[in-house]
Amino acid sequence: MRRSISSPLFTGLILAALFGLTNPARAQNDLLGDLEKQATDPLKREVVSATFKGTHVINSQSIETPGKGTLDFLIQHRFGTLNSGAYEFFGLDQAVLRLSFEYGLTDRLAIGVGRSSQEKTFDGFLKYKALQQTTGSRPMPVSVTLFASSAITTLKFNEPAVERTTASRVDYSYQVLIARKFSPGLSVQLMPTLIHRNYVAQSTMQNDVYAMGAALRQKLTKRLALTADYYYLLPGNTADTYRNALGVGVDIETGGHVFQLHLTNSRGMIEKFFVPQTDGNFFDGDIYFGFTVARSFTIKSNL
């Protein structure tokens, strides 16, 4: 005798299949579960962001760029040294200023221009994120940003007999910025640096100055972080004549901008000044109090 196709077992299988196909809520839950599993998958490759909060640490550039379509306006201000005495109101009567704009052509490539009151200097730069730190499958342990800038002084020289061509007024800076975010609170950066000066006053002075910089950021609270940077001049005439630039400060995040307060022995705020020309002794009180205010504007939306 032939067995009936409507056996209880076969009927149960049919009902189970129909229930799975006709229960969209259950199917949606299964899909969400799969997505959550992928999001928490330790093998998923994720880019590490916000290694530093701003594009500058104190004196130095950070690995960060404004991002595609974003324009950053920076106001950098340095007063005189704290040990200048009461007559100069402990440095408040003396000040230098730099205004600059930085724009993200892409999420990795940025350009910038600035003007410093010190030696009436104009500067421009390019900044490119070559590598980004990632976690997960085949992680990249560090981020690497390439930085190149040029600066020209427009200062009138007191010695008219000294011929100064336009080219002799130009200096160049080249850096490889290598950073790692070790934890949500701690970031560290190394900065091999070359400064090329087209003109030096004496033959014994160096046209090419090499330095190794280091910077860190340690987050203290949700909106407050401790920062520091330092440049070690490699042996040579410049290292014998000038001092290593040192800065310490705090970053304060306030909505749409970052407010940075700092103390440093360098008066200048671009590489051609603070790397080869720092002459203040930080521990003897040659300390310049300064601040940086950065404001971001969305020029071109990514949407």
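Mentor: By class, the lining of the second largest pocket comprises 7 nonpolar, 3 polar and 6 charged residues. Here Ala, Val, Leu, Ile, Met, Phe, Trp, Tyr, Cys and Pro count as nonpolar, Asp, Glu, Lys and Arg as charged, and the others, Gly among them, as polar. This is a predicted model in which local features need pLDDT of at least 70, side-chain atom pairs count only at pLDDT 80 or more, and totals for chains, interfaces and linings use all residues. Residues are numbered from 1 along each chain as its sequence is written, and side-chain values use heavy atoms, with hydrogens and water left out.

Trainee: Which residues lie nearest the centre of the second largest pocket?

Mentor: A pocket is an open set of points on a 1 Å grid over the protein atoms alone, with protein on both sides within 12 Å along at least five of seven lines, and lining residues have an atom within 4 Å of a point. The second largest pocket holds about 370 Å³ of space. Its lining has 16 residues, and those nearest the centre are E119, R164, Y199, K272 and Q277.

Trainee: How much space lies in the largest pocket, and which residues are closest to its centre?

Mentor: The space in the largest pocket is about 550 Å³. Among the 34 residues that line this pocket, the closest to its centre are F52, K53, G54, E64 and T65.

Trainee: Which element gives the largest share of the lining of the largest cavity?

Mentor: A cavity is a set of grid points where a 1.4 Å probe fits but cannot get out. The largest cavity has about 90 Å³ of space, and D123, F147, S149, I270 and E271 are nearest its centre among 14 lining residues. The largest share of that lining, 4 residues, comes from β7.

Trainee: Is Y128 buried, partly exposed or exposed?

Mentor: Y128 is placed in strand β5, residues 121–131, where a strand is a DSSP run of E with at least two residues, numbered from the N terminus. Buried means under 20% relative accessible area, exposed over 50%, and partly exposed in between, with a 1.4 Å probe and protein chains only. Because its relative accessible area is 38%, Y128 is partly exposed.

Methods:
Grid points are joined across faces, edges and corners, and a volume is the space filled by probe spheres set on the points.
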